[in-house]
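Please consider the sequence and model shown below. A short report on the fold follows.

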Amino acid sequence: MKSKFFLIVFGIIIAGFSISAQSQQLKIGYTNVDYVLSNLPEMKNVQSEFETYQKQLQNQIQAKQQTLRSKVTEYEQNVQANQWSDVVRADKERELQQMDQNLQKFAQDAQKSMQAKYTELLQPLYKKIETAIKQVAQEDGYTHIFNSGTPGTDILLYANDESDVTDKIFAKLGVTPPTE
């Protein structure tokens with residue numbers, strides 16, 4: 001009895017989907033978001049700001065590396081000259097190990113910070129592209145627009161050239177598309 005009820009409900013649902021699908025015409029477009037992003041004029045500012053930030057962190061890392069190197073050189077000279085007692089030598093070794101660990105942690109934190117900064121700088125541009133995609137979709141009646149740019153993760157298997165909305169997105173963003 002229950003299975004008969006579920007079959008009837010399932011049949012009604014399937015019929016509803018097929019009627020709904022027939023009443024709405026599918027129009028699919030695609031673009032390459034990374035391509036659009038890389039051709040936005042604002043990307044030069046993003047790259048410049050990111051490179052400045054990256055350089056600051058790299059300079060800090062280099063300064064810490066230089067300090068560690070000079071401490072290691074000092075340590076080696078004093079050990080060779082046998083100027084320190086075992087207690088002082090052990091203390092200096094712990095100090096050098098701690099400096100090395102701090103340097104490694106700082107480098108890891110700097111890498112994470114650079115990734116976060118890059119994401120932060122790109123976020124407004126992605127939002128701008130998203131808005132342009134939505135406007136193109138609404139104005140031209142697209143029901144779906146796919147991203148076709150990242151090798152290995154493309155979800156678009158085939159599309160004709162008329163479905164490419166990239167130039168329309170450039171126009172919406174006020175950017176002249178590059179010539180290929």
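## Overall architecture

The model is predicted. The protein contains five helices and two strands, and from the N terminus on its elements follow the order α-β-α-α-α-β-α.

Of the 180 residues in the protein, 21% are buried. The accessible surface of the protein amounts to about 13200 Å², and carbon and sulfur atoms contribute 53% of this area. Among contacts between residues at least 6 apart in sequence, 84% join residues at least 24 apart.

## Confidence

The mean pLDDT of the protein is 84, and 80% of the residues score at least 70. Confidence is highest in helix H3 (residues 42–80), at a mean of 95, and lowest in helix H1 (residues 2–23), at 49. Over residues 1–7 the pLDDT is below 50, and this stretch has zero contacts in the model beyond near neighbours in sequence.

## Helix H4

Helix H4 comprises 55 residues (residues 86–140). How far apart should its ends lie, and how far apart are its end C-alpha atoms? At 1.5 Å a residue, helix H4 should span 81 Å. The end C-alpha atoms are 80 Å apart, which agrees with that expectation.

Within H4, a kink of about 35° is located at Leu 122, shortly before the proline Pro 124. Just after H4, Gly 141 adopts a positive phi of about 75°.

Technical notes:
Residues are numbered from 1 along each chain as its sequence is written. This is a predicted model: local features need pLDDT of at least 70, side-chain atom pairs count only at pLDDT 80 or more; totals for chains, interfaces and linings use all residues. Side-chain values use heavy atoms; hydrogens and water are left out. Helices (H or I, at least four residues) and strands (E, at least two) are DSSP runs, numbered from the N terminus. The expected span of a helix is 1.5 Å times one less than its number of residues. The bend at a residue is the angle between axes fitted to the seven residues ending there and the seven starting there. pLDDT is the predictor's confidence in each residue, from 0 to 100. Contact means heavy atoms within 4.5 Å. Buried means under 20% relative accessible area, exposed over 50%, partly exposed in between (1.4 Å probe, protein chains only). Accessible areas come from the Shrake-Rupley method with a 1.4 Å probe; for residues, only the protein chains shown count as cover.
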